[in-house]
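Please study the sequence and the three-dimensional view together. The explanation below them moves from the whole chain to single residues.

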Amino acid sequence: MKNQVKLKNHIVIRCKDNNEKMKIGNYIHDRLRGNLDYIDNRIILNVDDPQTVHVWVYEDCTIDYDSIIKLALKDATLTS
């Protein structure tokens, strides 16, 4: 039986519109691109829902995802 990886955190970011959603999603994606946690699906980004960004972080993820998300939110509000 395969070991199950446990979810550490599920972050949901509600956006005022789809433009803001894509800004935040792209910002997070750009910072995670090339990171082994992102490549190996220990952190997963999803922007498929309207006006919503989902980030799933699994317990073996080592990246400081909080700071990336905080910067993405700050950047989105400064450039809106």
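The paragraphs that follow describe the chain as a whole, then its strands, and then a few individual residues.

This is a predicted model, in which local features need pLDDT of at least 70, side-chain atom pairs count only at pLDDT 80 or more, and totals for chains, interfaces and linings use all residues. Residues are numbered from 1 along each chain as its sequence is written, and side-chain values use heavy atoms, with hydrogens and water left out.

The secondary structure consists of three helices and three strands. Helices (H or I, at least four residues) and strands (E, at least two) are DSSP runs, numbered from the N terminus. Read from the N terminus, the order of the elements is β-α-α-β-β-α.

The overall dimensions come next. The C-alpha trace spans about 45 × 20 × 15 Å along its principal axes. The radius of gyration is 13 Å, which agrees with the value near 12 Å that a compact globule of 80 residues would have. This radius is taken over C-alpha atoms, and the globule rule is 2.2 Å times the number of residues to the power 0.38.

Of the 80 residues, 31% are buried. Buried means under 20% relative accessible area, exposed means over 50%, and partly exposed lies in between (1.4 Å probe, protein chains only). The chain exposes about 5,400 Å², and carbon and sulfur atoms supply 49% of this area. Accessible areas come from the Shrake-Rupley method with a 1.4 Å probe; for residues, only the protein chains shown count as cover.

Among contacts between residues at least 6 apart in sequence, 64% join residues at least 24 apart.

The strands can now be considered together. Two strands pair if DSSP finds at least two bridges between them. Strand S1 (residues 7-14) pairs with S3 in the antiparallel sense over seven bridges, and in this pairing Ile13 stands opposite Val53. Strand S2 (residues 43-46) is also antiparallel to S3 (residues 52-58), to which four bridges join it. Here Leu45 stands opposite Val55, and Asn46 stands opposite His54. How much of S3 is buried? Five of its seven residues are buried, so S3 is largely enclosed by the rest of the structure.

S2 and S3 form a hairpin with five residues between them. Gln51 lies in the loop between these two strands and has a positive phi near 55 degrees, although Gln51 is not a glycine. Gln51 counts as partly exposed because its relative accessibility is 33%. Another positive phi, of about 60 degrees, belongs to Asn41, which is not a glycine either. Asn41 is located in the loop between helix H2 (36-39) and S2, and its relative accessibility of 49% means that Asn41 counts as partly exposed. Why are such values worth noting? Most residues other than glycine have a negative phi.

Finally, helix H3 (residues 65-79) contains Ser67. Is Ser67 buried or partly exposed? With 31% relative accessibility, Ser67 counts as partly exposed. Ser67 and Asn9 are 58 residues apart in sequence, and their C-alpha atoms are 14 Å apart in space.

How values were computed. Contact means heavy atoms within 4.5 Å.
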